Amino acid sequence: MKTAVMTGATGFLGGALLRELIAEDWFVYALCRRDSRRRHRLEGLDRIEIIETDLSSATVDTRITGCDAFFHLAWEGGRNSFDEQFENVGITLNCLRLAEKLGAKTFLCTGSQAEYGETREMITEETAVNPCTSYGAAKAAAYFLARDYAKQTNVSLLWTRVFSVYGEHDNPNSLIPCLCKSLRKTGSAQLTTDGTQMWNYLHETDAARALRLLVESGVEGVFNVASMESRPLREYVGMISDRISFGTEKSDVNLNVSVDKLHAVIGEWEKRQFEIAI
């Protein structure tokens with residue numbers, strides 16, 4: 001049985017990854033803040049041990065007896081809250097130091113498509129990083145610092161730039177839950193953009209599978225994690241309902257992404273077709 005240490009297990013993608021690891025016979029030490037309001041999401045699960053801790057320190061808990069991989073998904077703060085985002089950079093480096101102390105072979109951290117900023121080209125792992133939010137800048141800063149620190153250790157760094165993930169446990173303030181809420185409440189929904197911007201949606205279970213398979217492959221480096229296919233946003237929206245109308249604004253957001261590098265390493269990871277039940 002492989003053993004993982006994990007942060008962010010009470011979150012959206014973190015919860016999906018936790019369920020994926022448990023299903024694939026991993027044992028997980030879930031690091032959780034003492035004041036976590038979502039700790040109840042971890043109760044009653046098999047093959048996990050909850051460890052209350054402060055992620056701003058890098059203390060080894062004596063209950064952790066092994067660590068094949070360290071999954072760091074915890075990340076807090078508003079997208080343009082500089083102070084909160086800056087704090088995340090230090091926490092990421094503290095977790096990497098902890099992974100080193102625990103003898104972890106791999107440290108996987110979830111970065112974001114926000115690191116790339118606004119670009120019209122097909123996004124690959126070679127696309128220049130040019131974030132335009134504090135969130136994206138903090139993710140990028142954490143990557144460069146973690147990359148340089150990992151070079152001085154025996155820990156392999158896996159940096160995954162995750163694109164749009166959706167699913168049953170999605171944040172209620174995300175686009176799809178908001179559209180569905182409006183449809184249920186009023187029978188219609190409205191977008192401000194014309195919906196022509198390229199988008200990419202990957203189901204939470206498929207995203208979690210990709211993260212696990214990457215760690216089990218033994219590789220390191222940067223990988224985009226997304227669906228194999230990008231589409232105009234209006235196509236996704238049209239599959240939700242024909243009662244959603246569009247505005248006239250042109251969006252600068254582009255999520256047209258290549259996942260060829262990911263596919264070459266882990267093969268197929270996507271099993272869920274895009275489908276939303278209102």
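Which residue of strand 2 does K2 stand opposite? In this predicted model, the residue that stands opposite K2 is W26.

K2 belongs to strand 1, which covers residues 2-7, and W26 belongs to strand 2, which covers residues 26-32. The two strands run parallel and are joined by six bridges.

Strand 4, made up of residues 69-72, pairs with strand 1 in the parallel sense, and four bridges connect them. Within this pairing, V5 stands opposite F70 of strand 4. How enclosed is strand 1 by the rest of the structure? Five of its six residues are buried, so strand 1 is largely enclosed. In a regular strand, side chains alternate between the two faces of the sheet.

The next stop is a helix. A146 is located in helix 3, which spans residues 134-150. Is A146 buried or exposed? Its relative accessibility is 0%, and because buried means under 20%, A146 counts as buried. Leaving aside residues up to four places away in sequence, A146 touches L93, L96 and L157.

A146 and L179 are 33 residues apart along the chain, and their C-alpha atoms are separated by 37 Å.

Note on methods
Residues are numbered from 1 along each chain as its sequence is written. This is a predicted model: local features need pLDDT of at least 70, side-chain atom pairs count only at pLDDT 80 or more; totals for chains, interfaces and linings use all residues. Side-chain values use heavy atoms; hydrogens and water are left out. Buried means under 20% relative accessible area, exposed over 50%, partly exposed in between (1.4 Å probe, protein chains only). Contact means heavy atoms within 4.5 Å. Two strands pair if DSSP finds at least two bridges between them.
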